[in-house]
Amino acid sequence: MSDAMMPAQRLWTGDYYNEGAGHADPFDTLREECGVFGVFGHAEAASLSYYGLHALQHRGEESAGICTTDGADFNYHRSMGLVKEVFDRDKLTSLRGDRSIGHVRYSTSGDSKLTNAQPLIFKYRDGDLAVATNGNIVNAPKIRRQLEQSGSIFQTTSDTEVIAHLIARSPKDFVEAAKDALGQLVGGFAFLLLTNDKLIAASDPNGLRPLVMGRLGDAYLFSSETCAFEVVGAETLREIQPGEMLVLDRDGLREERYAEPARKALCAMEYIYFARPDSDMNGSNLHASRKRMGQVMAQESFVDADVVTGVPDSSISAAIGYAEQTGIPYELGLIKNKYTGRTFIQPSQELREQGVKMKLSAVRRVVEGKRVVMIDDSIVRGTTSRRIVNLLREAGATEVHVRITSPPFKNPCFYGIDTPDRGELIASYKTVEEICREIHADSLEFLSPQGLIQAVGGENAKDYKGGLCMACFDNDYPTRTDFDGEEKFGCTC
Ligand code: SF4
């Protein structure tokens, strides 16, 4: 029976209306917070930043900004919206100079204000300062309170501003002041700082958030992900090391350090979900890493089935890996509508009852009458997983076996990922069997922590936990997280 002939009641179970199903569901998703891109020494700095930020758009869709300088004046533009909406030719032309820093941002809920759009721009005693960051400073509330008590006036609600105040209050020169300021911060962060004559790139002592350096001719580039270098034709040089601070000025590049490297702990969710599959991290391509996750998952949790499908887009690579390992054919059982964007129009009750599927659809001819293995990257609250399982069942799948390429997500993130409270994370209060029933799956398995390390760690797997932060799975946070009871979740930027 064709879809058109299906009676409405067959299309609607009351449980899979999927406005937001897939990974755009604001109520059941993990969100990367920000992406940064920097240029030093290229006449087209603003345009390069534009293309770089466009490639990093998946890391933040709410605001975008670029600040440039020619060594004298600062020029900047920031606004709410996508990169292509925020900038046009005239705006880019007005951003003169051969050095720049740029930023794309998600806001934490209720905090979607232009004043917090980055780069943040300040005047201080030695000139201008622009700051762009990705991540979260766990002790920012404490530092901010101390600064306010001693007279500082903050312009934004973004805790990123604390670094500007710490630098401005230091009697030392800019580089030493930046070292001192960075040394006071606890958390996961990648900073780009721009003054009239310097660009500084710095990573937190655990290397929690990604930051890479590239080269284009004589220019140095910095990016949250290598995919942005590919877009502008730049060569990737290396990752910024934990606790490292690179300084660029007219004397060239200086490699400095503001803190001793602590335990290497790059965010495991970058590998699993956030970063683009065409990016490399720690020497590994993300698509290849995700394929290995699927392969290891198949070794750990084989189930006999007719087709393997992945939840688009982030789980396609892992699904291909699972299929290759098991010999079960990979099929496009789920399709994401890429053109929905944000919608503010709620469907009528009538349309709801017809089961309007705006963002994700099951491919009936692929899954009907089939036993399906559905690969996904994570389960947060469980509502999205249930909707997708129901989509597959309504399209005729006879069995739906869910395989998740991460361990159960039980703990909130302190390092720049917007996660629900612990009590809303389904894995924190239900067993795997209970979650399986909750999402209406025939079986459910998660990738083991060791399997994850094996899949992404490669030759670095000998490092503690493969050099990964896995705190949201195992509660083993690489930094202090409690400062006088002022825990700071989510994102600073
Ligand atoms: S707690 Fe989880 S999401 Fe946060 S940095 Fe660590 S691995 Fe990434």
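This note sets out numbered points on a predicted model of a protein.

1. Basis of the model. The model is predicted: local features need pLDDT of at least 70, side-chain atom pairs count only at pLDDT 80 or more, and totals for chains, interfaces and linings use all residues. Residues are numbered from 1 along each chain as its sequence is written, and side-chain values use heavy atoms, with hydrogens and water left out.

2. Overall make-up. The protein has 17 helices and 25 strands; these are DSSP runs numbered from the N terminus, helices being H or I of at least four residues and strands E of at least two. Of the 493 residues, 60% are buried. Here buried means under 20% relative accessible area, exposed means over 50%, and partly exposed lies in between, with a 1.4 Å probe and protein chains only. The accessible surface comes to about 19300 Å², and carbon and sulfur atoms account for 48% of it; the areas come from the Shrake-Rupley method with a 1.4 Å probe, and for residues only the protein chains shown count as cover.

3. Contacts along the chain. A contact means heavy atoms within 4.5 Å. Where contacts join residues at least 6 apart in sequence, 71% of them join residues at least 24 apart.

4. The annotated cysteines. Under "binding site", an unreviewed UniProt entry lists Cys 267, Cys 413, Cys 469 and Cys 472. UniProt positions are given in the numbering used here, feature names are shortened, and annotations may be inferred rather than shown by experiment. The four are spread over 206 residues of sequence, yet they cluster in space, with a largest C-alpha distance of 10.2 Å. Cys 267, Cys 413, Cys 469 and Cys 472 also belong to the lining of the largest cavity. A cavity is a set of points, on a 1 Å grid over the protein atoms alone, where a 1.4 Å probe fits but cannot get out; lining residues have an atom within 4 Å of a point.

5. Cys 267 is placed in strand S15, residues 266-267, and is buried at a relative accessible area of 7%. Apart from neighbours within four places in sequence, Cys 267 is in contact with Leu 208, Arg 209 and Cys 469. Cys 413 lies in the loop between S22 and S23 and is buried as well, with a relative accessible area of 10%.

6. Aromatic pairs. A pair of aromatic rings is described by the distance of the centres and the angle of the planes. Rings of Phe, Tyr and Trp (its six-membered ring) pair if their centres lie within 6.5 Å; planes under 30 degrees apart count as stacked, over 60 as edge-to-face and the rest as tilted. The count by this rule is ten aromatic pairs. In one of these, Phe 409 and Phe 473 have ring centres 6.0 Å apart and planes at 90°, so the pair is edge-to-face. This pair links distant parts of the chain, 64 residues apart: Phe 409 is in the loop between strand S22 (399-404) and strand S23 (417-418), and Phe 473 is in helix H17 (residues 471-474). Phe 409 is buried at 1% relative accessibility, and Phe 473 is buried at 9%.

7. A further pair from the S22-S23 loop. The rings of Phe 414 and Tyr 477 have centres 4.9 Å apart and planes at 85°, so this pair is edge-to-face. Phe 414 sits in the loop between S22 and S23, while Tyr 477 sits in the segment after H17, 63 residues apart. Both Phe 414 and Tyr 477 are buried.

8. Other ring features. Tyr 50, Tyr 51 and Phe 87 form one aromatic cluster. Arg 215 lies over the face of Tyr 220, at 4.0 Å from the ring centre; a charge sits over a ring if NZ of Lys or CZ of Arg is within 6 Å of the ring centre and within 35 degrees of the ring normal.

9. A cis peptide bond joins Gln 118 and Pro 119, with omega about 5°; Pro 119 is in the loop between strand S5 (99-105) and strand S6 (120-124). Another cis peptide bond joins Pro 312 and Asp 313, with omega about -5°, and Asp 313 lies in the loop between strand S18 (307-310) and helix H11 (316-326).

10. Positive phi values. His 440, a residue other than glycine, has a positive phi near 65°. His 440 is in the loop between helix H15 (432-438) and strand S24 (443-446) and is partly exposed at 35% relative accessible area. Asn 475, also other than glycine, has a positive phi near 65°; Asn 475 is in the segment after H17 and is partly exposed at 43% relative accessibility.

Terms used: 1 Å grid on protein atoms, 1.4 Å probe; cavity = no way out; pocket = protein on both sides within 12 Å on 5 of 7 lines; lining within 4 Å.
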